[in-house]
Amino acid sequence: MGLGGCIILIAVGAILTFATDWHMKGVNLDVVGLILMAVGIIGVTTFSSIARRRRVVVPPTAVVEDERHHHHRDGYGGGYDA
């Protein structure tokens with residue numbers, strides 16, 4: 001489940017807990033809403049901790065130029081040095 005799914009769980013749980021006054025036999029919607037919000041919060045914290053671990057900063061490597069591959073031309077030979 002991604003971050004969006006966790007946020008949806010939190011929103012649905014909050015709606016069930018705070019914005020509805022439905023009554024169903026055998027089901028307490030306030031408790032169901034609280035459970036959904038708790039699962040969503042656990043998911044968000046888990047997702048953010050995993051995402052933080054994946055963002056590993058790799059230090060830049062030094063570029064060493066090899067002089068063997070650079071031909072310095074002194075103007076003589078027309079560029080066809082042997």
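The accessible surface of this protein chain comes to about 7,300 Å², and 65% of that belongs to carbon and sulfur atoms. Please keep in mind that this is a predicted model. Of the 82 residues in the chain, 13% count as buried. The secondary structure is quickly listed: two helices and zero strands. As for contacts between residues at least 6 apart in sequence, 50% of them join residues at least 24 apart.

Let me take helix 1 to begin with. Helix 1 covers residues 3-18. It has 16 residues, and from its first C-alpha to its last it reaches 22 Å, close to the 22 Å expected at 1.5 Å a residue. Which residues of helix 1 are buried? They are C6, L9, G13, L16 and T17. Looking down the axis of helix 1, you find these buried residues within an arc of 95°, so they line one face of the helix. I8 and F18 are on the other side of helix 1, and they are exposed. What lies over the buried residues of helix 1 includes helix 2, residues 29-54.

That takes us to helix 2. Helix 2 has 26 residues and reaches 37 Å from its first C-alpha to its last, close to the 38 Å expected at 1.5 Å a residue. The buried residues in helix 2 are L29, G33, M37, G40 and G43.

Now the connection. N28 lies in the loop between helix 1 and helix 2. Compare its position with that of T17, one of the buried residues of helix 1. N28 and T17 are eleven residues apart along the chain, and their C-alpha atoms are separated by 9.5 Å.

At the other end of helix 1 we have L3, which belongs to that helix. L3 is partly exposed, with a relative accessible area of 34%. One is T45, found in helix 2. T45 is 42 residues from L3 along the chain, with 9.4 Å between the two C-alpha atoms. T45 is partly exposed, at a relative accessible area of 46%. The other is S48, also in helix 2. How far apart in space are S48 and L3? The C-alpha to C-alpha distance is 8.3 Å, for a separation of 45 residues in sequence. S48 is partly exposed too, and its relative accessible area is 31%.

Together with I7 and F47, L3 forms a nonpolar patch on the surface. The accessible area of L3, I7 and F47 together is about 250 Å². So much for the patch.

The surface carries a nonpolar patch of L3, I7 and F47. That is what I have on this predicted model.

Definitions and conventions. Residues numbered from 1 in each chain as written. Predicted model: local features only at pLDDT ≥ 70, side-chain atom pairs only at ≥ 80, totals over all residues. Heavy atoms only, no water. Helix = DSSP H or I, 4+ residues; strand = E, 2+ residues; numbered from the N terminus. Buried < 20%, exposed > 50% of the residue type's maximum accessible area, 1.4 Å probe, protein only. Contact = heavy atoms within 4.5 Å. Areas by Shrake-Rupley, 256 points an atom, 1.4 Å probe, with all protein chains shown as cover. Patch = residues over 30% accessible without salt bridge, like charges linked within 9 Å, V, L, I, M, F, W, Y side chains within 5 Å. Salt bridge = Lys/Arg side-chain N within 4 Å of Asp/Glu carboxyl O. Expected span 1.5 Å × (residues − 1). Arc of directions from axis to C-beta.
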